[in-house]
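My notes follow in the order I looked things up.

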Amino acid sequence: MPPKRETIIKRARQRIERIRQTLSGIDTLCSGTLLQRTKVCGKSGCRCAEDVSARHGPYYEWGHMVDGKLVHRVVSPQQAALLQTAIDNYRHAQRLLREWETETEYLIDAEAPRKP
Ligand SMILES: [Zn+2]
């Protein structure tokens, strides 16, 4: 026997409430990706030319979309740490929004079923 309409509605509302609570605990959000790079300086005699482990850096670069264009920005290691948290939060929030959408669809179908 499929679950009762009331049960479906109750479960969907509970899941939506949990999503809302989790989202309200998120404080920073950033889209995009963080890249870690090392560089070769090109100065003669510098070990970075031959030794990968002697390359300069790491340098951090944040890539994200602004008005439909990919923008890169160099950030400090401290900024990179904060950004990584914000990027992780963004991905988590996106996943929660997709779940919220799915639960809403269940709710709409249960609360207002389409007449045959
Ligand atoms: Zn060098």
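What is the mean pLDDT of the chain, and what share of its residues reach 70 or more? The mean is 95, and 100% of the residues reach 70 or more. pLDDT is the predictor's confidence in each residue, from 0 to 100.

I noted that this is a predicted model, where local features need pLDDT of at least 70, side-chain atom pairs count only at pLDDT 80 or more, and totals for chains, interfaces and linings use all residues. Residues are numbered from 1 along each chain as its sequence is written.

Next, the sheet. I found three strands in an open sheet, ordered E1-E2-E3, with antiparallel pairing. Strands E1 (33–39) and E3 (69–75) are at the edges with a single partner strand each, so one side of each has no neighbour in the sheet. Strands here are DSSP runs (E, at least two residues), helices likewise (H or I, at least four), numbered from the N terminus. Two strands pair if DSSP finds at least two bridges between them. E1 and E2 (residues 56–66) are joined by six bridges. Leu 34 stands opposite Trp 62 in E2.

Then I turned to one residue. Leu 70 lies in strand E3. Is Leu 70 buried or exposed? Leu 70 is exposed, because 10 other C-beta atoms lie within 10 Å. The cut-offs are 20 or more for buried, 12 or fewer for exposed, and partly exposed in between, with C-beta atoms placed from the backbone. I also looked up Gly 32: its C-alpha atom is separated from that of Leu 70 by 9.0 Å, and the two residues are 38 apart along the chain.
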